[in-house]
Amino acid sequence: MLVEGVRAYGLIAGMWLRAGMTYRASFAATLVGNLVMTGLDFVAILLMFSQVDSLGGWSLPEVALLYGLSVTSFGIADLVLGSMDVLGARMRDGSFDTLLVRPAPVLAQVGADRFAPRRLGRIVQGAVVLGWALVSVDVDWSVPKVLLVPVMVVSGAAIFSAVFVAGAAFQIFAQDAAEVQNAFTYGGTTLLQYPPSVFGKDLVRGATFLVPLAFVNWVPVCHLLGRPYPVGLPPWVSFASPLVAVACCVPAGLAWRAALRAYRSTGS
Amino acid sequence: MGSARLYLAVAVGGFRRYASYRAATAAGVFTNTVFGLILVYTYLALWEERPGLGGYDQAQAVTYVWLGQCLYATLAIQGGGAEKDLMDRIRTGEIAVDLYRPADLQLWWLAGDVGRALFQMVGRGVVPFLVGWLFFPMALPGEAGLWAAFAVTLLLAAVVSFAIRYLAALSVFWLMDGMGVSQVLMILGVFCSGMVLPLNAFPGAFGDVVRWLPWAAQIQVPADVLMGETAVPGAFAFQAGWAVVLLGLGRLVQSAATRRVVVQGG
Amino acid sequence: MDTNGRVGAVDPFIELDGVEKVFEVRRKTGFMRRERHRVRAVDSISFAVARGEMVGYIGPNGAGKSTTIKMLTGILTPSAGRLRVAGIEPSRERTRLAHRIGVVFGQRTTLWWDLPLIDSYRLMHRMYRIPDARYRENLDRLVELLELGSLLDVPVRQLSLGQRMRGDIVAALLHDPEVLYLDEPTIGLDVVSKAKVREFLRQLNAERATTVLLTTHDLQDIEQLCSRVMVIDHGRLVYDGALAGLHESGESERTLVVDLARELPPIDAPPPARVVRVEGPRQWLAFPASESAAGLVARIAAEYPLVDLSVREPDIEAVIAKMLHGDSHGKEVGRPVP
């Protein structure tokens, strides 16, 4: 099933890539547009820091570290699963049915649909900020701390992917209410761009225990910087992001399967 | 009088059309509330660090956040109002039908977009604003006069917002594809209207420039009017000035585009 | 053929036994109140189709045709009953079944909308794991038969409805499916395209023994293609048998609409043709679907001040309605289903 899914994904994404290459100019334009669009959040942060030296007690490189990790992880999830937000429209116009008569997992077909290099815009932009933050931030680097960085990016991508898939499952149940998932996907990545010390305790608790986005960057970054996390957690959780990622992906996958089953028993 | 009735009917149609998307509206209310929550905490931290930034106190900054969420869909800050339909009609050539209608093209689309804006305000914008008002200290005026002025400034904001998007949509007559324009519209809209940060908190000369652009008429000016931070006649003049300039420009481009359609035969 | 092919080879190829599909619909009853109620879209349907049969599946709008097709393809799970296609339970082994069936939805495409036709076919080639030689052979043959050669590099969205439909049929057949489901394959097509599609389907069925199940609104599709018809109404199978029997149970008529220069008394038409309606200078004449309109037209043109005329084909709904509500003696020709 997984192998089939990856294979189908590769086939469809490859087809879109080849098709996209025929329009090089528009490819470049949309990539630049995407870079600028996703970079606006960081410009806002820079504007804020043009007026202040710290936000919630965090310096610019420290906030940039949060930003870079949040956006890179989100960018990877978006690269892989980009088209989830059109699922509702697909169900309304009936084209979702056509995915179900093809011999490939539906999730792979939806994720690879309209695959385009412009989806790289967010990752590139996030990675640039992340790179700058890593060299500017004041951290006592050790081997575990260095290793923690790629672990964060990969786990974060998996956590965001889980949110995307759960959102897609939600869309199947509540077709027209698709926008709710934006609150968790785009809202989630925005939330994580700012230090946890900025937010109310309840919001931080929600983002730690309810929808554990905090494990994308907040919790491990607090460990890196030697800062206290606003909500009391045992010290070992600083390295728990991969576990949390798995714990997110499993229910998200189950939710997706349940949603598909529900669709197939109720129709559109 | 007859034509006024026509445009009123078009506006009512725009209102009704958006009113029929109930679930989507509820979802939008939820999303705007969540984004408002995130923004309000970051602004509180910012104003904690720098009290009086941009001439606002904390309560005013909070008010600005929730007003922004309220106006986000109302003024189609990211795009997605009348201009989207207009672009589609130009691309598919259906616009030719509109040109034969015994109505003014620009007024027709303006009326529909104002109807849409009104619904987005009532259906989608008010609730996040009320949530903000319930849970955070806000700086709202007590005098009826300011609220009346606020209503006028909102209408003017809606017209300026439409005029910008109308111009962008007309470009499709020459570009044949609205993707790029929509993206530029989105970037400028989100950034220059002060959706990410109040324009009065933008630093230096950059801030001065942004505050004079038409996008400033959309969130910054209504916010300042509501909170008594600006002289009302000056604010009206600023908005009305941009409205006249942009609508006039729209008419010029529109007639050039129409000639093009007539020459090409659609 | 894999080991499963042996199961599929046993007749019947498609088998439904007491299949039901119940939807729960929420209906608005007040400002905020919504009432749930259950709709039986398919109500205990049983039938079997042998390999190589070509069967028409017809009925009024909302009768349950598309729901049945969706269950046969695995898109929908039946609420009750037993359903097998090539020995496979579609909803449980959707992807395995997908390799053995072809589906054409008349009103939506399975092709990739923004890409050239050939890109979709190349993707199908890989996705269905069609051996290279087989793919090339099938593609060449299908493209030639359906006259799509010059359109392969055209993005699907720029194709006309008829071209797109033919493109969809090619896509559905590249992997040599054993059964082809066609949901309204001629809807919205012009006369020439309709003829092309029908001719192609006839050949396909004759040469490859592909089992074909088609739903349609067009009685001519059935007349020209199917020896067997199943009629579904309100989710129940009400007729299953030869087309001739269906005709007998509800003799179909065509309508000649005549515009005269002025208002006149009803035209004196030779029986069995007769005037069924007069409205100002326009008159409607009914005549048997099996007869040519030429004689009737010639006679009217000779005797009356004719301005314009058009012939309306018997509407399938009317035939079915006649069959359902008319006399029932014809039912014994086919296999009546209670």
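Predicted model: local features only at pLDDT ≥ 70, side-chain atom pairs only at ≥ 80, totals over all residues.
1. Turning to the interface between chains A and B, 30 residues of chain B are in contact with 30 residues of chain A. On the side of chain B that touches chain A, at least two residues are supplied by each of α2 (22–49) and α9 (179–192) of chain B, and α2(B) gives the most, with 16 residues.

2. As for the composition of that side of chain B, the residues that touch chain A comprise 23 nonpolar, five polar and two charged ones.

3. Within chain A, a helix pair deserves a separate comment. Helix α8 (residues 143–173) of chain A and helix α13 (residues 241–266) of chain A have axes that come within 8 Å and that cross at roughly 20°. Because angles under 35 degrees count as roughly parallel, α8(A) is described as roughly parallel to α13(A), and the crossing in which α8(A) passes α13(A) is left-handed.

4. The contact of α8(A) with α13(A) can also be described by residue class, with 22 nonpolar residues, three polar residues and no charged residues. The side of chain B that touches chain A, by contrast, has two charged residues beside its 23 nonpolar and five polar ones.

How values were computed
Residues numbered from 1 in each chain as written. Chains lettered and ligands numbered in written order. Contact = placed C-beta atoms within 7 Å. Helix = DSSP H or I, 4+ residues; strand = E, 2+ residues; numbered from the N terminus. Nonpolar A, V, L, I, M, F, W, Y, C, P; charged D, E, K, R; others polar. Axes fitted to C-alpha atoms, helices over the stretch in contact; angles between N-to-C directions. Parallel < 35°, antiparallel > 145°, perpendicular 65-115°, else oblique. Left-handed = near helix turned anticlockwise from the far one by under 90°.
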